[in-house]
Amino acid sequence: MERPDLDFANLPFAYHKTDANIRYWYRDGKWSDGELTSDESLNLHMAAVCLHYGQEIFEGLKVFGRPDGRIQTFRLEENARRLQRSARKLLMEPVPEEIFRAAVHRVVQANRRFVPPYGSGASLYVRPLQIGVSPEVGVKPSRDYLLLVFVTPVGPYYKAGFTPVRLIVEEEIDRAAPGGVGDIKCGGNYAAGMRATMGAKAKGYSEVLYLDCREKKYLDESGSSNFFAIRGRTFMTPASPSVLPSITNLSVRRIAEDMGLAIEQRPISVDEIPTFDEAGCLGTAAVITPVEAITYRGVDHVYAKGGVAGPLTTELYRRLTAIQVGEAPDPFGWTEIIEEM
Ligand code: PLP
Ligand code: COI
């Protein structure tokens with residue numbers, strides 16, 4: 001296996017060309033067999049529904065190099081199910097779980113040389129994408145769909161990895177409404193949030209923390225990850241109809257339970273911001289990113305003093321990543337080996 005000329009230990013979170021992507025077409029009521037290609041572009045009808053009316057959903061999961069040299073996925077099944085939930089909400093054709101699994105395994109097998117080795121701190125990010133491709137001008141669901149899965153080797157989402165980041169509470173811009181689509185992974189949510197995120201970055205923050213848009217009183221999530229806080233030995237994360245049900249969050253709650261922490265998934269008021277002992281972001285890309293401070297109405301609330309993550313956040317990170325890379329046993333059945341071809 002000829003390794004690409006990449007500095008795996010210093011990869012950014014960015015697109016890098018690999019050897020192949022895989023495509024499955026849904027036409028005339030059935031899914032095709034799936035075709036690997038090295039073509040990085042798509043030939044789409046200019047009136048395709050995804051381009052005009054936003055029938056576009058995606059996923060994000062990671063593949064890790066294990067200490068024994070094998071490679072494994074993390075919670076693939078949950079991503080398959082969430083893609084189906086996203087599809088149903090936008091009246092798209094749900095991808096059967098077995099097609100999703102085969103697509104991920106095949107595209108990773110075809111790009112095995114790009115899987116960062118154990119110890120590099122990097123991973124292979126898998127990006128499944130589903131779009132409505134039928135030409136329409138009236139607003140209605142597409143008849144035909146494309147499922148495309150590409151991969152790219154990545155490093156940490158926030159430049160410094162497990163180093164605390166600063167968040168600012170966003171009071172003007174909303175990402176998603178309670179009856180809307182904030183709880184699914186569709187491209188429109190990210191377009192809606194870009195001006196908030198870019199505005200925060202211009203002020204020196206890594207991300208925004210959105211509030212519920214009805215009352216502007218409860219914490220929702222950041223633009224690219226879920227939010228959690230720790231007070232005493234309680235792990236808290238917002239319950240909200242407009243946040244994405246994060247698979248990392250789901251996993252971390254399970255691990256937190258094992259650590260003897262109490263779990264609260266409930267509306268968390270902005271008034272609680274000064275009471276947190278620790279805080280962090282949760283996501284496939286973000287993993288667990290400690291939050292150094294949250295700025296709310298001009299006041300900084302600091303959790304990671306001196307830029308050092310708190311002890312419980314650090315332990316959660318250690319346990320989660322140990323399972324992801326296969327350093328620790330996986331008692332939950334979250335990982336799946338990708339066999340060599
Ligand atoms: N929230 C948003 C808006 C996201 O984009 C993501 C990333 O996938 C998450 C939360 C975290 O979800 P997961 O842990 O399943 O990656
Ligand atoms: C992920 O964490 O997988 C995401 O899709 C978030 C994205 C902003 C990179």
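**Entry 1: the model.** I reminded myself before starting that this is a predicted model.

**Entry 2: the two domains.** I looked up the domain assignment of the chain and found domain 1 at 8–154 and domain 2 at 165–324. I then checked the spacing, and the C-alpha centres of the two domains lie 26 Å apart. For the contact between them, I noted 20 residues from domain 1 and 20 residues from domain 2.

**Entry 3: the buried area.** How much area do domain 1 and domain 2 bury between them? I found about 1,700 Å², with 62% of it on carbon and sulfur atoms.

Entry 4: I searched across the interface of domain 1 and domain 2 and got one salt bridge. I also looked up K89, which forms a salt bridge with D183. The closest N and O atoms of K89 and D183 are 2.7 Å apart, and the cut-off is 4 Å, so the pair counts. My next search, for polar contact across the interface, gave 11 residue pairs.

**Entry 5: the domain 1 side.** Which helices and strands each supply at least two residues of the side of domain 1 that touches domain 2? My list has the strands β4 (56–58), β5 (61–65) and β6 (71–74), plus the helix α2 (76–89). I marked α2 in my notes, as this helix gives the most to that side, with six residues. Last, I sorted the residues of the domain 1 side by kind, and I got eight nonpolar, four polar and eight charged.

Technical notes
Residues numbered from 1 in each chain as written. Chains lettered and ligands numbered in written order. Predicted model: local features only at pLDDT ≥ 70, side-chain atom pairs only at ≥ 80, totals over all residues. Heavy atoms only, no water. Domains from an automatic or database assignment. Contact = heavy atoms within 4.5 Å. Buried area = accessible area lost by both parts, 1.4 Å probe. Salt bridge = Lys/Arg side-chain N within 4 Å of Asp/Glu carboxyl O. Polar contact = N/O pair within 3.5 Å; in protein donor to acceptor, adjacent residues only side chain to side chain. Helix = DSSP H or I, 4+ residues; strand = E, 2+ residues; numbered from the N terminus. Nonpolar A, V, L, I, M, F, W, Y, C, P; charged D, E, K, R; others polar.
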